Amino acid sequence: MRYCMLFQMGSSEVEILELIRHAVSRGVLVAAGHCKPHAEMTRRAVDAGCSYIIHLGNGPTGSSTKTAFDGGMMEESLRNDDLVATVICDNHHVHPAMVRDWTVRKTLQRMVAVSDAAFVLGVPGDGEFEVLGRKGKPSEDGTCLRPLRDDPLPGGRGPCSTDDVSGLFGSCANMQNIFENLVNLFSEHTVGILHREHPALSLHCAVSVATALCSTNPAALLAKQRRQCRAPVAPGQAANVLLLDIADRSSHHASPSDRHCADGESVQCKAMPRLRVAVDRIWCVSSDGIAM
């Protein structure tokens with residue numbers, strides 16, 4: 001019996017390669033994350049069986065623009081077609097413009113959106129917590145977690161958030177929030193960082209891209225696409241369809257477009273007013289009917 005199907009490791013030592021090979025031979029999906037190997041070491045890990053990168057751009061993802069060792073883990077993660085990149089798309093951990101840049105570089109099929117939310121789901125917005133001796137608190141808007149420090153602010157005003165405005169303890173976003181973020185991101189014109197700009201996709205294309213990042217690609221990574229993505233909607237088949245009631249929170253509506261998106265980026269769609277899309281309701285379709 002297999003008790004472990006996903007296995008994360010820091011691939012900073014050459015000796016870890018044998019462990020990767022052994023884990024892969026036992027049917028474990030191996031990933032590298034929160035580590036700083038150089039590009040050549042990352043490439044050797046991929047050759048040994050490492051399949052994907054956890055939380056690209058978050059934590060100590062090593063990056064180097066030097067020619068030594070062919071760069072860092074970040075550079076190899078983006079250019080290696082044998083690696084899938086998972087990205088926290090909560091609009092805090094990775095700049096939204098970078099998400100679009102990376103989607104162009106990796107191509108849509110090699111990107112997976114994740115939330116990084118776990119113990120904080122359902123925690124009141126003003127609730128403080130402590131994990132392994134480190135204190136944290138949800139941000140004022142409730143969308144992310146900020147670390148707290150014990151030393152008070154000047155004037156004895158009590159504990160405060162870290163001086164580093166980019167300091168994060170984790171995410172409060174669930175996968176519905178991630179989906180909404182991606183639909184909004186891809187349906188609006190975006191000034192890039194590594195790429196000059198990205199066109200606004202039609203709402204239809206943006207929903208397709210968000211679906212791939214949140215559902216189709218993770219299923220493919222887990223080698224379950226035959227069961228979860230390609231099975232027909234019929235009695236005896238696993239539930240594999242979500243029906244979404246998508247509402248436009250802005251005062252504008254998407255311009256109609258009969259163009260199709262390729263890899264989420266390669267088609268110049270007509271520019272549209274900015275949308276604020278939210279998922280109002282979700283239905284899960286199964287062979288037994290529709291459940292709220």
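Tutor: A residue counts as buried when its relative accessible area is under 20%. Keep that cut-off in mind. The model is a predicted one.

Start with the cysteines. Cys 35 has a relative accessibility of 6%, so it counts as buried. Cys 205 is buried as well, because its relative accessible area is 0%. Searching the whole structure turns up 0 disulfides. Cys 35 is in none. The nearest cysteine sulfur to Cys 35 belongs to Cys 50, and it lies 8.2 Å away. A disulfide would need the two sulfur atoms within 2.5 Å.

The largest nonpolar core holds 44 residues. Leu 56, Val 87, Trp 102, Leu 182, Phe 186 and Leu 213 have the most contacts inside this core. Helix H6, residues 203–221, gives the most to the core, with 7 residues. There is also a second, separate core of 7 residues. Ala 31, Val 84, Val 112 and Leu 221 are among its members.

Leu 182 then contacts Cys 89, Val 99, Ala 113, Ala 210, Leu 213 and Cys 214.

Helix H4 covers residues 96–106, and helix H5 covers residues 175–186. Their axes come within 11 Å and cross at roughly 75 degrees. H4 and H5 are therefore roughly perpendicular to each other. On the H4 side, the meeting residues are Pro 96, Val 99, Arg 100 and Thr 103. On the H5 side, they are Leu 182, Leu 185 and Phe 186. By class, this contact has 5 nonpolar, 1 polar and 1 charged residues.

Finish with Leu 78, which sits in helix H3, residues 73–79. Leaving out residues up to four places away in sequence, Leu 78 touches Leu 56, Trp 102, Arg 105 and Lys 106. Leu 56 and Trp 102 are also on the list of residues with the most contacts inside the largest core. Look at Leu 78 and Trp 102 as a pair. They are 24 residues apart along the chain, and their C-alpha atoms are separated by 7.1 Å.

Conventions: Residues numbered from 1 in each chain as written. Predicted model: local features only at pLDDT ≥ 70, side-chain atom pairs only at ≥ 80, totals over all residues. Heavy atoms only, no water. Axes fitted to C-alpha atoms, helices over the stretch in contact; angles between N-to-C directions. Helix = DSSP H or I, 4+ residues; strand = E, 2+ residues; numbered from the N terminus. Parallel < 35°, antiparallel > 145°, perpendicular 65-115°, else oblique. Contact = heavy atoms within 4.5 Å. Nonpolar A, V, L, I, M, F, W, Y, C, P; charged D, E, K, R; others polar. Core = buried A, V, L, I, M, F, W, Y, C linked by side-chain atoms within 4.5 Å. Buried < 20%, exposed > 50% of the residue type's maximum accessible area, 1.4 Å probe, protein only.
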